[in-house]
Amino acid sequence: MASAFASKFSRVGRSLLGGLGNNLSGSLTTSNETVCNSFITQQQRTFIQMRTVLKVVDNSGAKKVMCIQALKGKKGARLGDTIVASVKEAHPNGKVKKGKVVYGVVVRAAMQKDRCDGSEVKFDDNAVVLVDKQGQPIGTRVFGPVPHELRKKKHVKILTLAEHIA
Amino acid sequence: MRLEKCWFCSSPIYPGHGIQFVRNDATIFRFCRSKCHKNFKMKRNPRKVKWTKAYRRLHGKDMTKDSTFEFERWRHRPHKYDRNVTEDTLKAIKKIDKIRMDRESRHIARRHQGKKAKEFREAKKELDQSISLVKAPSVLKEDPSLTLPKLKVKVVPSQSEQDRMEE
């Protein structure tokens, strides 16, 4: 009698456990995947410093630039700061040629930056808009979203050219 | 000042709180706290995470359709300030809030009611069918007092389960 009860119970228990086990293994694998993903994609974001390669998001002709100096700040540049960069990749007939040293404003940064109200903002990638020494943009278009903090940094021209303001 | 909604858990984001992530197609994802931000980074679907509003709405845990929700709406034109209107609004907010709370509690009570009755029915059925596992029918005939009562007294399902386990 007791054995019958036990057997029934154990069966139930096993089936329950089996279900649990399946679930567990499933969840484990998924969590592992997500962890891996997060390790690959979500590394610690840092300042834009020497040798950081940034995407150029205007039509100046440069495609990729490498930061060689942040004009302000000891650790490096952040969102809205100006940097000196060297052009690493460029379109064949653009205004800017490969190997030139240019100035640029960081319009998107993956490292989060505090807003004036204390909240934070961060972007998908590190992107730059090339400017001359006076701060006027070299290109005539700006692609993708830019932060409204540029107004504070006196880059109103970039803001007016931008498609989206975040 | 605008109170935004968290992308993950739909809670309000008060000024100065949280983080916002701007994707390259200019969609803005706002998060109320790092918990929600981390969950987003782990690519979790808020509809599948139990503590979010999205999950609760989807699974009928919370009230979804109600006339009190229609006051909160995105208005593209800013309203001109009117002292009287503002005063009335402030009074109405309290009243509406109370109505919503009452309705929500009623909704939850109704939800619980069905569950309890269902559990009770199932427990009763199990007790009827498998009492023989605990006590053989012959013994039961001899001394019916030793078994659990046949629903003359109100039996809490969980307790009956426990008793069975002890036996």
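## A two-chain model, piece by piece

Of the 166 residues in chain A, 37% count as buried, where buried means under 20% relative accessible area, exposed means over 50%, and partly exposed is in between (1.4 Å probe, protein chains only). Keep in mind that this is a predicted model: local features need pLDDT of at least 70, side-chain atom pairs count only at pLDDT 80 or more, and totals for chains, interfaces and linings use all residues. Residues are numbered from 1 along each chain as its sequence is written, chains are lettered from A and ligands numbered from 1 in the order in which they are written, and side-chain values use heavy atoms, with hydrogens and water left out.

### The two chains

Helices (H or I, at least four residues) and strands (E, at least two) are DSSP runs, numbered from the N terminus. A contact is a pair with heavy atoms within 4.5 Å.

In chain B, 47% of the contacts between residues at least 6 apart join residues at least 24 apart.

### Inside chain A

In soluble globular proteins, nonpolar side chains tend to be buried together. A nonpolar core is a set of buried Ala, Val, Leu, Ile, Met, Phe, Trp, Tyr and Cys residues joined through side-chain atoms within 4.5 Å. The largest one here has 22 residues, and A:I48, A:L54, A:V65, A:I83 and A:L130 touch the most other members. Elements giving it two or more residues are β1 (53–56), β2 (62–70), β3 (82–90), β4 (101–108), β6 (120–123) and β7 (127–131) of chain A. The largest share, 4 residues, comes from β2(A).

Let's zoom in on A:L130. Not counting residues up to four places away in sequence, A:L130 touches a list of residues including A:V56, A:V65, A:V102, A:Y103 and A:I138.

### Where the chains meet

The size of an interface is often given as the accessible area lost when the parts come together. Between chain A and chain B, the buried area (accessible area lost, 1.4 Å probe, summed over both parts) is about 2000 Å², with carbon and sulfur atoms giving 60% of it. On chain A's side, α1 (2–41) and β6 each give two or more residues. The contact takes 23 residues from chain A and 22 residues from chain B.

A polar contact is a pair of N or O atoms within 3.5 Å; within protein, one must be able to donate a hydrogen and the other to accept it, and residues adjacent in sequence count only if both atoms are side-chain atoms. The rule finds 9 residue pairs in polar contact across the interface (both at pLDDT 80 or more).

### Two residues up close

Is A:D125 buried or exposed? A:D125 counts as buried because its relative accessible area is 16%. A:D125 lies in the loop between β6 and β7 of chain A, and its side chain makes a polar contact with the side chain of A:K55 (3.4 Å). Among the residues that A:D125 touches, beyond four places in sequence, is B:N24.

B:G60 sits in the loop between α2 (53–58) and α3 (83–134) of chain B. At 34% relative accessibility, B:G60 is partly exposed. Beyond its neighbours within four places, B:G60 is in contact with B:H107 and B:R111.

Key: Buried area = accessible area lost by both parts, 1.4 Å probe.
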